[in-house]
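Here is a quick tour for anyone meeting this protein for the first time. Have a look at the picture, then read on.

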Amino acid sequence: MEKIRITERLFYIKASKNPLSADVGIFEGDEFMWIFDIGADESVPMSLNKIQKPKNAVISHFHPDHMGNLEHAELNNTYLGANTFKYAKRGTVVESDIFFDDGERIRIFPLPSSHAKGSIGMEIGDYAFLGDATYSTMKQGRVCYNASVLKEEITVLKKLSAKFFLISHDEKFIRQKEEIIGELEEIYNKRDPKESFIWI
Ligand SMILES: [Zn+2]
């Protein structure tokens, strides 16, 4: 399992399509390893379990490609949104921003998302892991965003101090904050004020 370095303490394991498995973020804190999304490829927990350091996982949302490995990983604690908790049946529910100091300041925050209810993100320094939260959803077989949720999401994202957003399944993975917010604002501007959903 290849770990790709982002900074001295921050790494990720690239997403795969077969099996469908999300990007896995890894931060080496002073006390804990922080894992953002545990993926679904079984080689991920196999390699993480070999690391002696205690591990905490942050699960972006309930989809299997992001949390499928949860029961195979040896974890101290798991942080997730209320809707994800319904599926995972374990861990600490994140209802408002939580901060940790583990070598760097870590912020875990609720993230309004059309893609998945109960999404959360994790910000460490210049980097914010967003999972799939910026993606659309499907309704009646059509791709769409919920207009009011998208507006809330843009507001939360703008307040983040990170310069880079880490977008799961994206070919580049590490994207400029401004570029992502620009894309979401462009979608929001296409809304019909009489409609709850933005069809794209
Ligand atoms: Zn995904």
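## Before we start

A residue counts as buried under 20% relative accessible area and as exposed over 50%, with partly exposed in between (1.4 Å probe, protein chains only). What you see is a predicted model, where local features need pLDDT of at least 70 and side-chain atom pairs count only at pLDDT 80 or more, while totals for chains, interfaces and linings use all residues. Residues are numbered from 1 along each chain as its sequence is written, and side-chain values use heavy atoms, with hydrogens and water left out.

## The zinc site

Let's begin with the metal. Donors here are N, O and S atoms within 2.8 Å of the metal (3.2 Å for Na, K and Ca); water is not among the atoms, so sites may look incomplete. The zinc ion has Asp65 (OD), His66 (NE2), Asp132 (OD) and His169 (NE2) as its protein donors, at 2.0 to 2.2 Å. Along the sequence, their spacing reads D-H-x65-D-x36-H. Aspartate 65 belongs to helix H2 (residues 64-67), and aspartate 132 sits in the loop between strand S13 (127-131) and strand S14 (137-139), so this pair ties together parts 67 residues apart in sequence. (Helices, H or I with at least four residues, and strands, E with at least two, are DSSP runs numbered from the N terminus.)

Why is the arrangement called irregular? The 4 donor atoms subtend angles of 83 to 164° around the zinc ion, which makes it so. For four donors, tetrahedral needs all angles between 85 and 135 degrees; four count as square planar and six as octahedral if opposite donors are over 155 degrees apart and all others between 65 and 115; anything else is irregular. Aspartate 65 is buried, at 8% relative accessibility, and aspartate 132 is buried too, at 4%.

## Strands and sheets

Two strands pair if DSSP finds at least two bridges between them. An open sheet of 7 strands, with mixed pairing, runs in the order S1-S2-S5-S6-S7-S8-S9. Its edges are strand S1 (4-5) and strand S9 (92-93), each pairing on one side only. S1 is antiparallel to strand S2 (residues 10-13), over 2 bridges, and arginine 5 has phenylalanine 11 in S2 as its bridge partner.

Aspartate 101 is partnered with arginine 105 in S11. The hairpin has 3 residues between its strands, and glycine 103 takes a positive phi near 95°.

## Salt bridges

A salt bridge here is a side-chain nitrogen of Lys or Arg within 4 Å of a carboxyl oxygen of Asp or Glu. How many turn up in a search of the whole structure? There are 11. One of them joins arginine 107 and glutamate 123 (3.7 Å, N to O). This pair links distant parts of the chain, with arginine 107 in strand S11 and glutamate 123 in strand S12 (residues 120-124), 16 residues apart. Both arginine 107 and glutamate 123 are buried.

Asp170, Lys172, Arg175, Glu179 and Glu183 are linked in a salt-bridge network. Within it, glutamate 183 meets arginine 175, with the closest N and O atoms 2.8 Å apart. Glutamate 183 is partly exposed at 38% relative accessibility, whereas arginine 175 is buried at 9%.
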